[in-house]
Amino acid sequence: MSEKLKVGILGATGMVGQRFISLLENHPWFQVVTVAASPRSAGKTYQEAVGGRWKMDTPMPEAVKDLIVMNVNEVEKVASTVDFVFSAVDMTKEEIKAIEEEYAKTETPVVSNNSAHRWTPDVPMVIPEINPEHFEVIKHQKERLGTKRGFIAVKPNCSIQSYAPVLTAWKEFEPYEVVATTYQAISGAGKTFKDWPEMEHNIIPYIGGEEEKSEKEPLRIWGTIQNGEIVPAKEPVITCQCVRVPILNGHTAAVFVKFRKKPTKEQLVNALREFKGIPQELQLPSAPKQFIQYLEEDNRPQVTADVDFEHGMGVSVGRLREDTVYDWKFIGLSHNTVRGAAGGAVLCAETLKAKGYIQAK
Ligand SMILES: NC(=O)c1ccc[n+]([C@@H]2O[C@H](COP(=O)([O-])OP(=O)(O)OC[C@H]3O[C@@H](n4cnc5c(N)ncnc54)[C@H](OP(=O)(O)O)[C@@H]3O)[C@@H](O)[C@H]2O)c1
């Protein structure tokens, strides 16, 4: 590819924005040319605006340090500099909904990390290995917005990435009832231990809005397009408890499943190891080669050992065993700010580019 697509990051100074900046350093298809944040940061260099808030393990890429931060709210001005944007702003849901639509209407595709549009009926919410066909709903969204190339696509919540891919790999066995408990890292709240010291040695049994997202979003991912809208699937029903734990990165899930066609352990493990989708077939730049790994050791997956599997883009599963009440139970683990946030959005954008939805303006 000779020319890279020009990318803007809305909310570039925040935790997810920083993850986008890190993941896109040296990206073969996309180049960050614009960083935008609140009016508090606008006009400063990226380095000045972020100041001591840089939260990544790797240093801030040289190429962005001297970019002048733009104001997210100056939509036309930001949009005129880029081919598409990633959205990771933290505003109210209504404000995010409105501003993402404003960007789309400037003919700038928006690939969003935010939850604001996850239930807008003609906005696709995609995990590219699972439901890339949902991008077809974009043509109906463009009709509504009156755009030719502008649209919004979103990725789902970080909490579901440790079990929704697993249940998808087992679809042929017809899972119909699922109980999940998630053990979620503090970076999912945009925090480190420095900003949230009371999380050290602590567990908090509440994450606002998370249980509903964890129960309902997988059903939308498994839904179908009917009359220009995504209609969620009805099964498997999921009930979930979400718990904040003293971990920096990595959401773990303990999951129980009932199946209509109860499989053997060998069938389940093989289905996980063989599961792949468009990102693997097209060898997209951020695609994990192995999407789901199964670990045989009784003490895996562990956050410290496994969270970075496939550069944080893969899912690790272990402890698959028969249950006395449900059919099977397992533990899943995924990286919440990579696969669960910025990395999942970058993979969506790569899929959209490969399918011709995102091009140079
Ligand atoms: N952390 C995660 O793992 C995760 C996962 C999934 C989804 N999310 C969602 O992603 C979004 C960003 O999360 P985060 O953790 O990165 O938050 P964050 O660290 O607080 O960053 C928020 C970003 O939004 C900008 N911003 C805040 N108020 C603004 C305003 N009024 N106008 C324009 N820009 C504004 C900030 O700019 P300034 O620096 O100038 O204030 C900053 O760039 C949130 O909606 C969050 O719910 C987060």
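Predicted model: local features only at pLDDT ≥ 70, side-chain atom pairs only at ≥ 80, totals over all residues.
**Exercise 1. In which loop is the place of Asp323? Then work out its surroundings.**

Residues are numbered from 1 along each chain as its sequence is written, and side-chain values use heavy atoms, with hydrogens and water left out.

Step 1: Find Asp323 in the loop between strand S13 (315-322) and strand S14 (328-334). Strands (E, at least two residues) and helices (H or I, at least four) are DSSP runs, numbered from the N terminus.

Step 2: Check the cover. Asp323 counts as buried because its relative accessibility is 14%; buried means under 20% relative accessible area, exposed over 50%, and partly exposed in between (1.4 Å probe, protein chains only).

Step 3: Look for polar contacts. These are pairs of N or O atoms within 3.5 Å; within protein, one must be able to donate a hydrogen and the other to accept it, and residues adjacent in sequence count only if both atoms are side-chain atoms. The side chain of Asp323 reaches the backbone nitrogen of Tyr326 at 2.6 Å, and one of its polar atoms lies 3.1 Å from the backbone nitrogen of Val325.

Step 4: List contacts, meaning heavy atoms within 4.5 Å. Leaving aside neighbours within four places in sequence, Asp323 is in contact with Phe256, Trp328 and Lys329.

**Exercise 2. Is Ser214 buried or exposed? Describe its setting.**

Step 1: Ser214 lies in helix H8 (residues 210-221).

Step 2: Its relative accessible area is 0%, so Ser214 is buried.

Step 3: A polar atom of the Ser214 side chain lies 2.7 Å from the backbone oxygen of Glu210.

Step 4: Not counting residues up to four places away in sequence, Ser214 touches Ser159, Ile160, Tyr163, Ile238, Cys240 and Cys242.

**Exercise 3. How many residues of helix H1 are buried? Find what covers them.**

Step 1: Helix H1 (residues 15-24) is mostly covered, with 8 of its 10 residues buried.

Step 2: Those buried residues are Met15, Gly17, Gln18, Arg19, Phe20, Ile21, Ser22 and Leu24.

Step 3: Their cover includes strand S1 (5-10), strand S2 (30-37) and helix H12 (338-354).

**Exercise 4. Where are the cis peptide bonds and positive phi values?**

Step 1: A cis bond joins Glu235 and Pro236, with omega about -5 degrees. Another joins Arg300 and Pro301, with omega about 0 degrees.

Step 2: Glu174 has a positive phi near 55 degrees and, at 32% relative accessibility, counts as partly exposed.

Step 3: Gln283 has a positive phi of about 50 degrees, and this residue is exposed, with a relative accessible area of 69%.
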